[in-house]
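Hi everyone, thanks for making the time.

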Amino acid sequence: MKVLKAVIKLIRPEQWLKNAFVFLPVFFSQHLFTTSYLIAVVYTALAFCFIASAIYCLNDIIDVERDRKHPKKCLRPIAAGLISPVAAYCIMMVCIVVSMLLGYMSGSNRFAVMGVLLFYLIMNIAYSFKLKQYAIVDVFIIAIGFVLRAFVGGKCCDIVPTHWLLLMTFLLALFLAFAKRRDDVVLYETENILTRNNITRYTLSFLNQVIGLIAAITMVCYIMYTVSPEVIARFHSPYIYFTSIFVLAGIIKYLQLTMVDVKSGNPTKVLMKNRFIQCCVVGWIVSFFLIVYIGEWCG
C-alpha cells in the first residue's frame, strides 16, 4: 500500500486537472453533448494525463538531488527514497505506453493525436535535460505545452481551434508560469534555496513587470474576443462580454495571490483550494454555458 501511494504521488494525478484544456475546442464549438466528440476528447485528455505523468517521473529522476534540498520537494517519492530511479523509469515507460494506447483509441484522427503526444513528449524531454536551464525559454515551453493540449483537443474531433482560443491559452499559461517562477525567486532570495539553475536570471522587479504586462494583455485580449463580430456571429449572441467579469476577477485575484500572498507556486493547488478562484471559474463556465448553449437551444 505504501508503494502504491508513492507511485500515485510520483505520477501526480492532481496535476491532471491541467488537461481540462483539451476540452476547450469541443466546449467552444458547441459540441459538448455530441457523444462521438465527447468520447474522442475524453480518450485524448486521458492520453495527455499519462504522457504528462511520464514527464513528471523524468523530472523527478533528473532533479532528485536538488529536490532533497527543497523544503517541500524533498517529500517527493524519489527524493524521499520511496521509489528508486530505475523503478521510476519503468513507471515512466508504462505511462508512455498507456498514453499511446489511449491516443490510438481516440478515434479517426488517432495518428494525429499520437503524433502530438510524441511531440509533447520529445519537447519535454528536451526541456527536462536542457531547455529548462534557459530563463524565459523554459516558461515559453510550458505555455506551448498548454497550446498543444487545446490543439489536440480540436484535432481529435476534426475541429479547427480558433486563433482566439490558442492565443488565450498561450497567454494564460504564460501568466501562470511566470507567477510560479516568482515564487521560486522569493524562495531563493529569502531562504537561499535554488530550485532551478536559471532562477538567478530572474528578479522580482523583472517578474512583477512581466506578470503585470501579460495579465493586462490577457484581459484586453479576452474582452476583444467577446466583442469580436465573428464571435458574436458564431455564437448568435451579443452577450458574451458578460463573461468578462469572471475573467477579470480571477486574474486580479491571482495577481493578489502572487504579489501579496506569494502563493502562486502551484497553480493547480490554488485552483483546488482557493474559493474565490473556484467561484470565478465556475461563474465563467456557467455564464458561458447559459449564453452559448441555452441561448442556442432556446433560439
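Let's start with Leu-194, which touches Arg-66, Tyr-188, Ile-199 and Thr-200, leaving out residues up to four places away in sequence; contact here means heavy atoms within 4.5 Å. Before I go on: this is a predicted model, where local features need pLDDT of at least 70 and side-chain atom pairs count only at pLDDT 80 or more, while totals for chains, interfaces and linings use all residues. Residues are numbered from 1 along each chain as its sequence is written, and side-chain values use heavy atoms, with hydrogens and water left out.

Back to Leu-194: you'll find it in the loop between α8 and α9. (Helices are DSSP runs of H or I, at least four residues, numbered from the N terminus.)

Now, is Asn-198 buried or exposed? Asn-198 counts as buried, because its relative accessibility is 1%, and buried means under 20% relative accessible area, exposed over 50%, partly exposed in between, using a 1.4 Å probe and protein chains only. Asn-198 also lies in the loop between α8 (163-191) and α9. Its side chain makes a polar contact with the side chain of Asp-138, at 3.0 Å; that's a pair of N or O atoms within 3.5 Å, one able to donate a hydrogen and the other to accept it, and residues adjacent in sequence count only if both atoms are side-chain atoms. The Asn-198 side chain also reaches the backbone oxygen of Lys-132 at 2.6 Å.

Last stop, Val-227: this one sits in the loop between α9 (204-226) and α10 (229-235). Val-227 is called partly exposed because its relative accessible area is 46%.

Notes
Helix = DSSP H or I, 4+ residues; strand = E, 2+ residues; numbered from the N terminus.
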